[in-house]
Amino acid sequence: MGREVSESCIDSLVTEMVFSFCNRFYADKSDLAARRIEAIGYQVGHQLSERYTMERPRFSDHLEAIKFICKDFWSEVFKKQIDNLKTNHRGTFVLQDNRFRWLSRMSVEPSLETGQEGENKATEAMSMHLYFPCGIIRGALSNLGIPCAVSADISNLPACSFVIRIKA
């Protein structure tokens, strides 16, 4: 049995990391905070991918590596497989998690502001938490020799879609 970390510890760590980068270190520069959070995720994903593929042969193509991310890697990190994988067969993959663990227990602080402005702040706060897992995915794929860009879509919480665009 491998070493594991309590899920509540990971939740607290990610929450504190996002809070610190958004409200302390880069309070007026959300784009810098996002890049820094994503960079930390990249390092984590790179190292986890190294650990989980140590005993495996190299993948022969992009689809094989993406399938590894959806099944084995996701199971190790999030204790379940990706719910759906879509591709356009031209270097874009969409990984759909219908109940993304790191968003399922989050709640948005009730705000005095109502309407569009309050919703925008809530969406921005949620999206800041997704830079870390986007970085994890990008780091894992980079370690597998696949340079890519990863973004997330949270239009239907707690479902989350990760869009991977392979760089030529």
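Visitor: In β4, which residue is the bridge partner of A152?

Guide: The bridge partner of A152 is F162. This is a predicted model, in which local features need pLDDT of at least 70 and side-chain atom pairs count only at pLDDT 80 or more, while totals for chains, interfaces and linings use all residues. Residues are numbered from 1 along each chain as its sequence is written, and side-chain values use heavy atoms, with hydrogens and water left out.

Visitor: What makes β3 and β4 a pair of strands?

Guide: Two strands pair if DSSP finds at least two bridges between them. Strand β3 (residues 148-153) and strand β4 (residues 160-166) have six bridges, in the antiparallel sense, so they count as paired. With six residues between them, β3 and β4 form a hairpin.

Visitor: How do you know what counts as a helix or a strand in this chain?

Guide: Both are DSSP runs, numbered from the N terminus: helices are H or I with at least four residues, strands are E with at least two. The chain has five helices and four strands. Along the sequence the pattern reads α-α-α-β-β-α-α-β-β.

Visitor: What does helix α1 reach from its first C-alpha to its last, and what is expected?

Guide: The expected span is 1.5 Å times one less than the number of residues. Helix α1 (residues 7-25) has 19 residues and reaches 26 Å, close to the 27 Å expected. For α2, with 23 residues, the reach is 32 Å, close to the 33 Å expected.

Visitor: Why are D72 and R56 said to meet in a salt bridge?

Guide: A salt bridge needs a side-chain nitrogen of Lys or Arg within 4 Å of a carboxyl oxygen of Asp or Glu. For D72 and R56 the N to O distance is 2.9 Å, so the pair is a salt bridge. D72 lies in helix α3 (residues 62-78) and R56 in the loop between α2 (30-52) and α3, so the pair ties together parts that are 16 residues apart in sequence. By the salt-bridge rule the count comes to four.

Visitor: Are D72 and R56 buried, exposed or partly exposed, and how do you know?

Guide: Buried means under 20% relative accessible area, exposed over 50%, and partly exposed in between, with a 1.4 Å probe and protein chains only. D72 has 35% and R56 has 36%, so both are partly exposed. Of the 168 residues of the chain, 38% count as buried.

Visitor: What makes K80, D83 and D97 a network?

Guide: Salt bridges link K80, D83 and D97. K80 meets D83 at 3.0 Å, N to O, and D97 meets K80 at 2.7 Å. D83, at 39% relative accessibility, is partly exposed, whereas D97, at 1%, is buried.

Visitor: Why is the pair of F68 and F73 called tilted?

Guide: Rings of Phe, Tyr and Trp (its six-membered ring) pair if their centres lie within 6.5 Å; planes under 30 degrees apart count as stacked, over 60 as edge-to-face and the rest as tilted. A search of the whole structure finds eight aromatic pairs. F68 and F73 are 6.3 Å apart, centre to centre, with 50° between the planes, so they are a tilted pair. Both residues are buried.

Visitor: And what makes F100 and F162 edge-to-face?

Guide: Their centres are 5.3 Å apart and the angle between the planes is 70°. F100 lies in the loop between β2 and α4 (101-104) and F162 in strand β4, so the pair ties together parts that are 62 residues apart in sequence. F100 and F162 are both buried.

Visitor: Which residues do ring pairs link into a cluster?

Guide: The cluster consists of Y52, F59, F68 and F73.

Visitor: What makes a set of residues a nonpolar core here?

Guide: The members are buried Ala, Val, Leu, Ile, Met, Phe, Trp, Tyr and Cys residues joined through side-chain atoms within 4.5 Å. The largest such core has 42 residues, and those with the most contacts inside it are I69, L95, F100, L141, F162 and I164. At least two residues each come from α1, α2, α3, β2, α4, α5 (116-143), β3 and β4. The largest share, nine residues, comes from α5.

Visitor: Which residues does I164 touch?

Guide: Contact means heavy atoms within 4.5 Å. Not counting residues up to four places away in sequence, the residues that I164 touches include I66, F93, L95, I137 and L141.
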